[in-house]
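Hello,

Here is the structure I promised to pass on to you.

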Amino acid sequence: MKRVRDWFANPWGQPRALAVITWTYMAWSIVPVVIAVLFSFNDGRSRSVWQGFSLRWYWGDPSLSVFHDPSMRGALEQSLKLAGFDMLIAVPLGVGLALGLTRWKGYGARPVNFLMLFPLVTPELVMAVSLLLVFVLLYKIPLGTEAQVLGQVTFSISYVVIIVRSRLLSIGPSYEEAARDLGASPVGALRLVLLPLLSPAIFASFIVVFALSIDDFVVTDYLSSNESTQTVPIKIYSGVRGTTTPALNALATVMVVATLAAVALAFLVYRWALRSQPGQQGALKEIAALEA
Amino acid sequence: MVRRWFWPSFALPGAAWLVLLFLVPTYAVLAVAFGTTDPIFSNPVPVWNPLDWQFQTMRSVLGEMRPGHTFWIVYVRTFAYVAISLAGCLAIGYPVAYYLARHARRSKALLLLLLIVPFWVSYLMRMLAWVGLLLPDGLVNRALQELGVISQPYGWLDGQASSVILALIYGYVPYLILPLYAVLDRIEPHVLEAGRDLGASPISTFLHVTLPLSKNGILAASVLIALPMFGDYYTNDVISGSPRTSMIGNQINLFFQGGPQRTVGASLVIILSVMLALLMSYYLWVTVRASAQTEDSLL
């Protein structure tokens, strides 16, 4: 009660105005999404006028619901499939690149280090156009799933390198040197010492790559061939301006829930795996620093 | 002794991937932009040898960028939208990041979690949410009618510059807040206490200590969101879809998804990349100079 009275007495005293701005911002950033999720449970065809609660757009409707519309189901499957391939290819490549670039002192390391930064600052549209042109005109790779995977891996690798390298730098070379002094081979030191120490960073990389892939629209759209290789973001983009039903909201909601569930699960696994290693950096923090 | 090829061999696959799927594709854009066009099917014919490059497409595209010509207005509009959106993002993002770093106590964990949520909600899902709100019978129009601000539903989605700019701010502000927060959080409290002990008011401590210390962070975060904004076309397509608000990204997308003139599209991509490269080098120059100055003052 006292705090409320203080607030009324002097609403501009530090930092109340800042608190109001911050909480307003949080509400503004979350509420529209919550409303869109609520409308996925609308009983009518409208995405903006509430007509009662139903699960019609999830599976009730025999032809237009997410569950029964083959193009919507296909989009979900394609999104998850691309995310799976992207994680399986980009993470090993990125870990290798991070290891190589940190430990290799030769004069080839600098240009590769420099090249690795470019995908992070290149607008996606520029990358999408160049990949499309090179696939069509030079490599003769047909558009579709393969092309989409190649494109997504290309922009994912650099994020993995950044995550793993920052962890490598904080570990330092001493553990590995100790292992070598005790008679481990280079491969043995890597397998028995370095990789276990890197596992939190590798784990964080998987999550970040998953999120990058699921969220990607531009590259995936440019390299898609037809309806069968459309992902959820492409489906939303092409449907949002038309007279679509709340099934689109339902599709987007399924994706959001799947992503949040994956992240929450990953976070719990991470906490569980690190329970015996005090002093580790939080995965959430690592991911948060990187998503930017 | 670790063999010389041991560590390079780890970097090799990733490095080869980046060369084949980043460097070569970038060259392909040049080969198309400076290439020729098949006279019958009007397909682009890339010219891989730089000695045979043709420059007439680039010349005519650059000609269209002169004041009063086709692309001029698109470029001016893009710069205006990005500048206004950036200012809006900073106006919202800086206070939020500042509050989080300096004042949030018990609520800090919750606020950080709320701050990260947008990263896990797909960008287009967030745009979809706004389209639902801005529809003629959407909540925004109904609320405004209820309040008596407007009598007829306002066409928010019919090519309004204001809607596009608001959507850009909504879309990109989370990417600005997080790095800004990281920078502000790193400022040591005793630096601020020193300012206060030397007699500065809270406001002058902010202006003379916090703000200068976060200047590089502001610049970095701004560059971080300005770069993708320059290549953004989907926000515009989803929120407006009208040529009245089209940006550079829309113009490029039009040549690749709609029309046959990919040579023109590739030229526009090169011009955009050169512009952004200049922006990046300015940023790097400023940061390098700033860190050199800090070192000087420490010596």
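This is a predicted model: local features need pLDDT of at least 70, side-chain atom pairs count only at pLDDT 80 or more; totals for chains, interfaces and linings use all residues.

Residues are numbered from 1 along each chain as its sequence is written, while chains are lettered from A and ligands numbered from 1 in the order in which they are written.

Chain A has 13 helices and 0 strands (helices are DSSP runs of H or I with at least four residues, strands are runs of E with at least two, and both are numbered from the N terminus). Of its 292 residues, 44% are buried. For burial, I count the other C-beta atoms, placed from the backbone, within 10 Å of a residue's own: 20 or more is buried, 12 or fewer is exposed, and in between is partly exposed. Among the contacts in chain A with a separation of 6 or more, 71% are between residues 24 or more positions apart; a contact here means C-beta atoms, placed from the backbone, within 7 Å.

Chain B has 12 helices and 2 strands, and its elements run α-β-β-α-α-α-α-α-α-α-α-α-α-α from the N terminus. Buried residues make up 39% of its 299 residues. The radius of gyration of chain B is 24 Å, whereas a compact globule of 299 residues would have one near 19 Å (taken over C-alpha atoms, with the globule rule being 2.2 Å times the number of residues to the power 0.38). Its C-alpha trace spans about 80 × 75 × 40 Å along the principal axes.

Now to the core. The largest nonpolar core has 152 residues, and A:Val129 and B:Leu128 have the most contacts inside it. By nonpolar core I mean a set of buried Ala, Val, Leu, Ile, Met, Phe, Trp, Tyr and Cys residues joined through C-beta atoms within 7 Å. Helix H7 (residues 161–186) of chain B gives the most to this core, with 15 residues. Domain 1 (1–38) and domain 2 (69–291) of chain A both contribute residues, so the core lies between them; the domain bounds come from an automatic or database domain assignment. Leaving out residues up to four places away in sequence, B:Leu128 touches A:Ala36, A:Ile236, A:Val240, A:Leu248, A:Asn249 and A:Ala252. Helix H12 (residues 247–273) of chain A has buried residues that include A:Leu248, A:Asn249 and A:Ala252.

In H4(B), B:Leu115, B:Pro118 and B:Phe119 are buried. Seen down the axis, the buried residues of H4(B) fall within an arc of 120°, so they line one face of the helix; the arc is that of the directions from the helix axis to the C-beta atoms. The face turned away from that buried side carries the exposed residues B:Ala109, B:Leu110 and B:Leu113.

A:Lys140 counts as exposed, with 8 C-beta neighbours inside 10 Å.

Best wishes

Technical notes. Two residues are in contact if their C-beta atoms, placed from the backbone, lie within 7 Å.
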